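Here's a quick briefing to read alongside the model. Have a look at the chains first, then work through the notes below.

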2 protein chains.
Amino acid sequence: MLKISTRGTEMPASPIRKLVPYAEAAKSRGIKVYHLNIGQPDIETPAACLDAVKHTDLKVLEYSHSAGNESYRKKLVEYYSRNGIYLTPNEIIVTTGGSEAILFGFMACLDAGDEVIIPEPFYANYNGFAIQADVHVKPISSSITTGFALPPIEDFEQAITPKTKAIMVCNPNNPTGYLYSAAEMETLKQLALKHNLFLFADEAYREFCYEGTHTSAMHLKGAEQHVILMDTISKRYSACGGRIGAFITKNKTVLEAAMKFAQARLSPPFYAQVLGEAAVDLPADYFDTTKKEYKLRRDTTVQRLNAMPGVFCPNPGGAFYAMASLPIDDSDVFCQWLLESFSHEGETVMLAPATGFYSTPGLGKNEVRLAYVLNVESIHKAMDCLQAALAQYPGKTI
Amino acid sequence: MLKISTRGTEMPASPIRKLVPYAEAAKSRGIKVYHLNIGQPDIETPAACLDAVKHTDLKVLEYSHSAGNESYRKKLVEYYSRNGIYLTPNEIIVTTGGSEAILFGFMACLDAGDEVIIPEPFYANYNGFAIQADVHVKPISSSITTGFALPPIEDFEQAITPKTKAIMVCNPNNPTGYLYSAAEMETLKQLALKHNLFLFADEAYREFCYEGTHTSAMHLKGAEQHVILMDTISKRYSACGGRIGAFITKNKTVLEAAMKFAQARLSPPFYAQVLGEAAVDLPADYFDTTKKEYKLRRDTTVQRLNAMPGVFCPNPGGAFYAMASLPIDDSDVFCQWLLESFSHEGETVMLAPATGFYSTPGLGKNEVRLAYVLNVESIHKAMDCLQAALAQYPGKTI
């Protein structure tokens, strides 16, 4: 009997996508499903970006440079400098989504059996990339009661072993929406310097900060050789399908290693680089409009959730996610039940069970992640569904 | 001191791309460089494909399905059935180039320390994917004297250990251009069945066969559970920059494992799926024209090479590569010298040293790979350069 690999077996199914067949079944029964389960914004991709692709004039769709088109990397330098991040085009490797940037970071900095410390709950696919790279994720638990603030430094110190090579932070955070303060980022920097660790920073949601300002890991003075920035245009310009991200570091040795992984896969996709290049020239107020819209959605979501009996949702400072604890027995069961056995006026809502975002077994069992990526009217309808569902759900705890 | 990973250090630089800085330097000195070093065709991407992208009408550039757009996978079913390969859309995972299909195959079927047998010389980036997956490549040497035909079955039998999990074949072959016969493919099938191995088939160049017909691994009866097809539209439609490929198998367990890797990276690039979908509707004679052009280029290349003193180039049956042995001491030194120290009427030629395609040290030292991706006039000029270079090169052996 032909056997697949152990890592193929152990690789977790995406907690965000594993409920998809149930959603499809619900739709085929004629039920409208509000998708708050996945960070797929309904915000229109800027027309100027889509037009840039339409007006691409080429005869041969050639490989890009393995690090991405030089013209795009030059534009990115401009974009980052507006965010107080000063780079040269050679410090940027354009990647196939943020996903590839994360994989390159794991591959270039860690060996099989090495450890990366990540505050949990964390973006579930970090687990998948860790399995691909044969790297161990050591979670440090943050709690909904503190709004998912950075756990105490002692927790990190205790988790560090001779195998620890990196700390990873997503800021603003997916799935919690937590926006790390400048002081918290400074704490992480000190840890990285003291223990000689890489600091991986996933800043996919940089622009979406509703309270306070964003501190990039690239702003941390004295940590230049430690910081790897993993970025993507997916959420920034609502261009998830383009699959363009970036791997950025001032550490030349890391950059050269990552470049070899980039060369092996030849080049990032061409068209979305054109889109990304045009995006840098969007009007200065582009993010203001988007941010205002997301803030309204956040406020609506949080307000509606906290008004439901037994529900608690801390106010997230950034990104477009919120975590809520619900009066339920098991979020995996509940989220499936929402799709399989429930409807409210012919509609239901799809949520992501929080268990998939925790690495420690048992955590997140009564929590869900909501991506407030739909317009306010849809959010209200989705909340109506959730409210009705919590009253009916057989596994409710109040 | 912060250290990168061992795999980051051991990862080979692309032998095809590592000479790029020397080519850039040559160009900045005003020298025209004929690029026969890389499989980047000058063939125009079909206008209908480029137009399909231009006419894409969407408001939000959303994630695709992790397995690729269903409409595209349905079209691919149509494409493959024309090639005697009968699939359902669910047996296809659309990947980011053929590169990702190879990586998924290694990850899903092999664990760290497992072995894959590959006839050498082979596509150099297989090494890079093997290092990422922590898998060992066991080369079986094929020889220029037999035109790189499949090595004797005994060589395979001897190389098989308890760690061996797969045999990999690229047909038609990159870098040799060799087209494996139906009998040779049958031999590989028998090996896979006898020793319970996966059979990985890279068929990127399926359409480019000049002598005889193509036998796909998917044609092999009784090996359905063993075969993984790794494919790409890059060369087929001269769409290298799109980054769209496919991972195909009838083995459900493998497919499910690969799907989890696909989910972790969310989705393949959107635009090139549109391009690939349009490509399936190209006129039936599309490949005839392209093939005729490549055949002319091949004939020109092979004829010119074999007319040079001390040069031998077997006639390749497919793809758009040729391997030639040259009367030189060291192909790495020679290829760099061509760019650094040589010019002929203000021009030079860039070739790929064959050493990078062999895994066994010392092999390929007097061989180069030529990608006949330029028009016949350019090929003649490139051959003029090579001829002049061989007469002048300080390390010549005749």
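How many residues does the contact take from chain A and from chain B? It takes 64 from chain A and 64 from chain B, where two residues are in contact if their C-beta atoms, placed from the backbone, lie within 7 Å. Bear in mind that this is a predicted model: local features need pLDDT of at least 70, side-chain atom pairs count only at pLDDT 80 or more, and totals for chains, interfaces and linings use all residues. Residues are numbered from 1 along each chain as its sequence is written, and chains are lettered from A and ligands numbered from 1 in the order in which they are written.

**Where chain A meets chain B**
- Helices supplying at least two residues each to chain A's side include H1 (6-10), H5 (97-109) and H9 (252-264); helices (H or I, at least four residues) and strands (E, at least two) are DSSP runs, numbered from the N terminus.
- H9(A) gives the most to that side, with seven residues.

**Domains of chain A**
- The domain assignment (bounds from an automatic or database assignment) gives domain 1 (6-44 + 286-392) and domain 2 (48-279).
- Their centres, taken over C-alpha atoms, are 25 Å apart.
- In chain A, 38 residues of domain 1 are in contact with 32 residues of domain 2.
- On the domain 1 side of that contact, H11(A) gives the most, with five residues.

**Around B:Leu199**
- Leaving aside neighbours within four places in sequence, B:Leu199 is in contact with residues including B:Ile167, B:Leu188 and B:His226.
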